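Keep the structure open beside you and try each task before you read on.

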Amino acid sequence: MYHRTHFTISVFSQENYADYGHHRNSLNGLLNLLSTKTPATGFGLASTGPPRGRGHVNALALCRGDVAKKDCKTCVANAGDALIDRCSNNKGAIIWYDDCLLKYSNFNFFGDIDEQNKFYLYNYQDVEKMNPALFNKKVKELLSGLSGKAYGNKKFYATGELKLFGGKYKKIYGMAQCTRDLSNMECKKCLDDAINELPSCCSGKKGARVVTGSCNVRYKLYPFVNVPKVN
């Protein structure tokens, strides 16, 4: 059952539509389409209106690689409702839930790395009894390996774990994912840039993530992705 309610919204275009009613209806139809289209593969693109014409909007949705189709549909639908409720007059906005992201703009952003929309989340607790520099090195080793796997995977998604040097913490667990409108090398660049930001924002933290409009990386000291059931 989908139950995650926390989200982050970024309005990345301060321009507003003059014809609010027309745009709201157009956007609402587009986001509803994505909630139907995305769950099949976990990723969807859609556009409405003539290119460069009145009412043209591009939209993208991505669900986390381990999320079930039903939960993906619910997450994208909830994200669309939130954007319509809070941002429907803006020409560009993005929302992130734990299970999905949803983004729209009057510009064609498909295939471009989004360096504008970004945020960090981290556990306020530091890793005890372990050298932060050594821990950061292990985090980078894990996530860099996942970056290498993700950009070569057709879903642009990878998860994994890495053993630590004894002590209180035995393993770290990680995830890397890109939106599938990027090329393979753009995906890798996006992930590697995000990984390189972790020491400055989240050094020695028990868990952290860097989330952008095109990719995200995340690590924790316990498993956090869903493992498919084996019949």
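## Exercises on salt bridges, helices and surface

Aspartate 193 is partly exposed, at 33% relative accessible area (buried means under 20%, exposed over 50%, partly exposed in between, with a 1.4 Å probe and protein chains only). The model is predicted: local features need pLDDT of at least 70, side-chain atom pairs count only at pLDDT 80 or more, and totals for chains, interfaces and linings use all residues. Residues are numbered from 1 along each chain as its sequence is written, and side-chain values use heavy atoms, with hydrogens and water left out.

**Exercise 1. Find which side chain meets aspartate 193 in a salt bridge.**

Step 1. Recall the rule: a salt bridge is a side-chain nitrogen of Lys or Arg within 4 Å of a carboxyl oxygen of Asp or Glu.

Step 2. Look for the partner, which is lysine 189, at 2.8 Å from N to O.

Step 3. Helices (H or I, at least four residues) and strands (E, at least two) are DSSP runs, numbered from the N terminus.

**Exercise 2. Lysine 189 also meets glutamate 115 in a salt bridge; what does the pair tie together?**

Step 1. Check the distance, which is 3.9 Å from N to O.

Step 2. Locate both ends. Lysine 189 lies in helix α4 and glutamate 115 in the loop between β5 (100–105) and β6, so the pair ties together parts that are 74 residues apart in sequence.

Step 3. Compare the cover: lysine 189 is partly exposed at 41% relative accessibility, while glutamate 115 is exposed at 56%.

**Exercise 3. Describe the salt bridge between glutamate 128 and lysine 206.**

Step 1. The N to O distance is 3.3 Å.

Step 2. This pair links distant parts of the chain, 78 residues apart: glutamate 128 is in the loop between β6 and α3, and lysine 206 is in the loop between α4 and β9 (208–212).

Step 3. Glutamate 128 is partly exposed, with 32% relative accessible area, but lysine 206 is buried, with 15%.

**Exercise 4. Work out how α3 and α4 are arranged.**

Step 1. Start with the idea that two packed helices are described by the angle between their axes and the distance between the axes. Axes are lines fitted to C-alpha atoms, for helices over the stretch in contact, and angles run from 0 to 180 degrees between N-to-C directions.

Step 2. The axes of α3 and α4 (residues 184–202) come within 9 Å and cross at roughly 170 degrees.

Step 3. The two helices are therefore roughly antiparallel (angles under 35 degrees count as roughly parallel, over 145 as roughly antiparallel, 65 to 115 as roughly perpendicular and the rest as oblique).

Step 4. Residues that make the contact include Leu143 and Ser147 of α3 and Leu191 and Ile195 of α4 (contact means heavy atoms within 4.5 Å).

**Exercise 5. Is phenylalanine 156 buried or exposed?**

Step 1. Find phenylalanine 156 in the loop between α3 (132–150) and β7 (157–163).

Step 2. Read its relative accessibility: at 6%, phenylalanine 156 counts as buried.

Step 3. Note the backbone too, as phi of phenylalanine 156 is near 50 degrees, a positive value in a residue other than glycine.

**Exercise 6. Count the helices and strands in the chain.**

Step 1. There are 4 helices and 10 strands.

Step 2. Of the 231 residues, 50% are buried.
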